[in-house]
Amino acid sequence: MSMQAAAPVPAHFSTGSAAARATGLCKVYGQGETRIVALDSVSLEFGRGRFTAIMGPSGSGKSTLMHCMAGLDSVSTGSAQIGDTELSSLNDRQLTRLRRDSVGFVFQAFNLLPTLTALENITLPMAIAGRRPDQQWLDTVVATVGLSGRLSHRPAQLSGGQQQRVAVARALASRPEIIFADEPTGNLDSRSGSEILGFLRDSVREWGQTIVMVTHDPAAAAYADRVVFLADGRLTDELLAPTAEGVLDRMRQFDTKARTS
Amino acid sequence: MLRTALRNVFAHKARLVMTALAITLGVAFVSGTLVFGDTVTQALRGASAKNLKDVAVSVQASSRRNPDSEADDARSTALTSDLADKVRAVPGVTSVHPTVNGTATLAAKDGRPLNADNNWQNLATNYSPDTPDTDRDSRFPVSAGRGPTASGEIALDRRTAEKAGYAIGDSVRFATQGPTLTKKLVGTVNTDDPRVTAGGSLALFDTSTAQQLFLQAGRFDELAVGSAPGTDNQELTSKIRALLPAEGITVTSGAQLGYEQAERIAENTKELTRMLLAFAGTALFVGVFVIANTFTMLIAQRSRETALLRAVGASRRQVVRAVLTEAGLLGLGASAAGIVLGIGIATATRPVLNASGAGLPNGPLVVSTDALVRSLLVGVGVTVLAAWLPSRKAAKVAPIEALTTVDQTPPRRSMVLRNSLGGLLTGVGVLTMLYVSTQKNGADTNLKTAGLGSVLALTGMIVIAPLLSRPLIRLAGAVTTRLFGVSGKLAKENALRNPRRTAATASALMIGLTLITGLSVTGSSMNAALKAAAVGGLTADYKVSNTGFVGIDPALGAKVAEVPGVAESAPVASSTLGARGKFAALTAADPQQLGRVSDLKFSSGSLADIGPGKVALSDKLAKDTGLSKGDTFQGTLGFGHDKKELTVVGVYQQTRAVGGAIGTMDDVLPYADGGKLDSILVKAASDRNTSGLDQDIRRALGNSPLLQVQNQEQLTKAQSGQIDAMLNMMYGLLGMTVVIGVFGVVNTLAMSVFERTREIGLLRAIGLDNRGVKQMVRLESVVISLFGAALGIGTGIFLAWACGSLTKSSLSQYEIVLPWARLGLFLLLGLAIGVLAAVWPARRAARPNMLRAINAQ
């Protein structure tokens, strides 16, 4: 697929600095005996125009990290920044506005409002903001994800893969500073899954979109430019230009380490 | 399965709160009514028993015309002092109170009449000491001063004296049926007579004065006979009966009298209780929608659980039974609370009613087991019945649904059957009502048809409401989308999502508003008609009449004309005219005078043509009799057989101001009741400020408390006031129905919000702020409420219009009058309900943790 003839690339896409940054990020749930440290002083940068995958076993804190970085959950100590904005300094209204204007989301399931058509779902963040969508860009995104014929369908009339494509289109349509994807292929068959991952990767390559994806699937992680590994709430490793085998290999090492230590 | 049901009730506490409240309120209404009814019945019985406790035997005489008197209205009876003495001599008799009964309307110390509009409550009787050697009458315990003993003396009950501002020694002005009298107040007494405690008054005179005022010297209306302890009163009754002439005298034992009174009281309160129960039933009926909706939603939310139960071996019937048990438990708890609330309401009702002058006697609160059991049965029964249809749905859940991992929206069930049925019901109902609208009288069959048609139409509307919801909510949604953007659009889509749910919620509101609108439209139309009837065709500023139904002395007519500021006055008398087998009211007046205080439209002839033997007829009477101008006929005047040849000299348009025919005073007055005037119509001089003229007229006519001088506004108010009071009471009673409807809206929204937790989470994640979420819920609530209000108002107007024609025969001026301001208020009420009902659900919607919402997979 070709994305060259797209709309002009926004200025911030091309700068090399970090799109989001975690510094000494801690997240603690509960108190006393039920106290659980989900994130333990994580410091990390998500490069602008890069596709970063966060991997780790269940309970490693990878989803928590994403939620904190996306302004969906509060930070206990440390700092989470999107661009130059410190998330912990924002109140609920400001956070909502930040998510609306600067963040895109793709979730594992239940990504769409069942009462709205595909097109209405795609333009929902802009409708909430009271902005008109950039029609040219919208057409480009819709054509890219291959939804042109199905814009007036309701989610119930779409397959799982199609629904997820609508979700990806929604995330891309408002050209957010950063897109967070939480197990975006978790509920899809492998063919639909690789299609979705392909769209995500291409949007980074062709349009300089910044994407952070949480996954436990090495094959999915292989689409990313960089994989960071999390275990027990700590950053343990990272891999640049990963392959599925490389990721799998690295994961096995963790398992061995965990067993021997 | 009982444990499952119990667990379910407790697990869904919050979600069942609104449903429980709906049941509680309905049951409170029922139990409150029953307890209040029992309490009032017992209190009234107690009061009547207290009144009769010293009466062993009651001798009552029917009144007849006094042959010795010239006056037409002089009464007499067969009960003489001699007979009273005979009774007194019967062994076992310890006391005889011979009584004379009449009415006397008092003027307060400042001159204003006391309770003149209900002068039948203004009792007057004789103060008759128990025995000749005492001056104490045990029926009327003296609270100050003493009882009256001379013709110039009067005693009043304590409360009346207070109200009128009289102190002992004051001269009390009052009117019986004749002229105004003045007597000196010598004492005040206490009384429990319900007529007096309900706002009337009691005046006591010595026996001979009372006889002179109300009856005939030496005659009595009644003997209250007391007996020695241990006397067989039944036997005493027979003895006394044997002693007295049978004609015109009835002898009853006190016990029998008490029983009869108690029966009458019970019948009266039963009537009241029945009416209140009808309103309670409406409230409970609306509650059914709330309950059914709740269980439908609960069962949909729980289908996975139910499937699991089925998968591990529960039978369909067990699933149904579990749901019904759950409903039963809910009904039981809510009804118990309702009964407690109802008893509270019953306790509070009496003081409230008495504060507004109902005069209910005191007595203990009566909480009968019967009332409790009935309230409980109704509450539980309604709840279980309402949960029955939803429970069938639970049984249809297949075990396989337990294994599906993703929530599937249940397949949309076809509504063809429901819509056809709704269309049919509505159609038949509307056709019935259209038929009713062609009927011109309130005959019993017509009323029944109207009732049936109304129920059919309303039921049809309830059934077809889901179909109507689509276009109407789209319309409302278009407005909310335009005004509120994305929140408005989402609200519309949510309201459209489940038409059954939306319709059931709206129906609960619709029922209350249909009734309220129907009553309002009927009430305002009747008010307008009564107003037109009261003053239509009348140009007079005042109408002088007598509230005592004894008319006005013709001599007073001239006195009114002399009052400064009176430009015109027309004394009017009335009788009846029989012409060619038809009867009509006949108005007598001087044609010239009448012309100056009325505005009659003559189609032929004129007022001036009326003269001796020459009458004018209303168009209606002319049509009924076939008479027209120039015809001569034999007219029957009054109720006797006197006939007179009369010539028709004109035909005028019928109005309430005058009767069906007009003749001269000389022709008619001899046939008028008592030879008295009916009223005097007065027109004020144009240069005179009318304020105070009514007082001047009163004074010129002797200021009798029975005299009524009403201006046009008071004339119409006298007619419409009752309707307004009735409407206000209905609003109060139907308010409960609306409140339960509101609970329904709150309930539906709260449960919808619960179901849509994840959706709301998603919306929050992609940038809809809390305000937007609240706005969305609020708008959905408003859209649903307005839908219900619009349906109710529309249906109410239609039903009121259709039934309107039934009043034609009794109220010819009836035309439908839409109280626009009030209808607008109802629509606004719908809007307010929407906003109010959303407060709690909206807060809940804005609260849930986004993460939990999104992660709940």
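## Where chain B meets chain A

In this predicted model, 21 residues of chain B are in contact with 25 residues of chain A (contact: C-beta atoms, placed from the backbone, within 7 Å). On the chain B side, α14 (486–497), α22 (757–765), α23 and α26 (850–855) each supply at least two residues; helices here are DSSP runs of H or I with at least four residues, strands runs of E with at least two, numbered from the N terminus. The largest share, five residues, belongs to α14(B).

Sorted by class, this side of chain B holds nine nonpolar, seven polar and five charged residues (nonpolar: Ala, Val, Leu, Ile, Met, Phe, Trp, Tyr, Cys and Pro; charged: Asp, Glu, Lys and Arg; polar: the others, Gly among them).

## Two helices that pack

Let us turn to a helix pair. In chain B, α21 (residues 712–755) packs on α23 (residues 770–804) at about 140°, with axes 11 Å apart. The axes are lines fitted to C-alpha atoms over the stretch in contact, and angles run from 0 to 180 degrees between N-to-C directions.

B:Val745, B:Leu749 and B:Val753 of α21(B) meet B:Val777, B:Glu780, B:Ser781, B:Ile784 and B:Ser785 of α23(B). Five of the residues in this contact are nonpolar, two polar and one charged.

## A mostly covered helix

Helix α6 (residues 207–214) of chain B has six of its eight residues buried (20 or more other C-beta atoms within 10 Å of a residue's own). These are B:Thr207, B:Thr209, B:Ala210, B:Gln211, B:Leu213 and B:Phe214. Their cover includes β6 (101–103), β8 (122–127), β13 (201–206) and β14 (219–220) of chain B.

## Conventions

Residues are numbered from 1 along each chain as its sequence is written, while chains are lettered from A and ligands numbered from 1 in the order in which they are written. Local features need pLDDT of at least 70 and side-chain atom pairs count only at pLDDT 80 or more, whereas totals for chains, interfaces and linings use all residues.

Note on methods
Two residues are in contact if their C-beta atoms, placed from the backbone, lie within 7 Å. A residue is buried if 20 or more other C-beta atoms lie within 10 Å of its own, exposed if 12 or fewer, and partly exposed in between; C-beta atoms are placed from the backbone.
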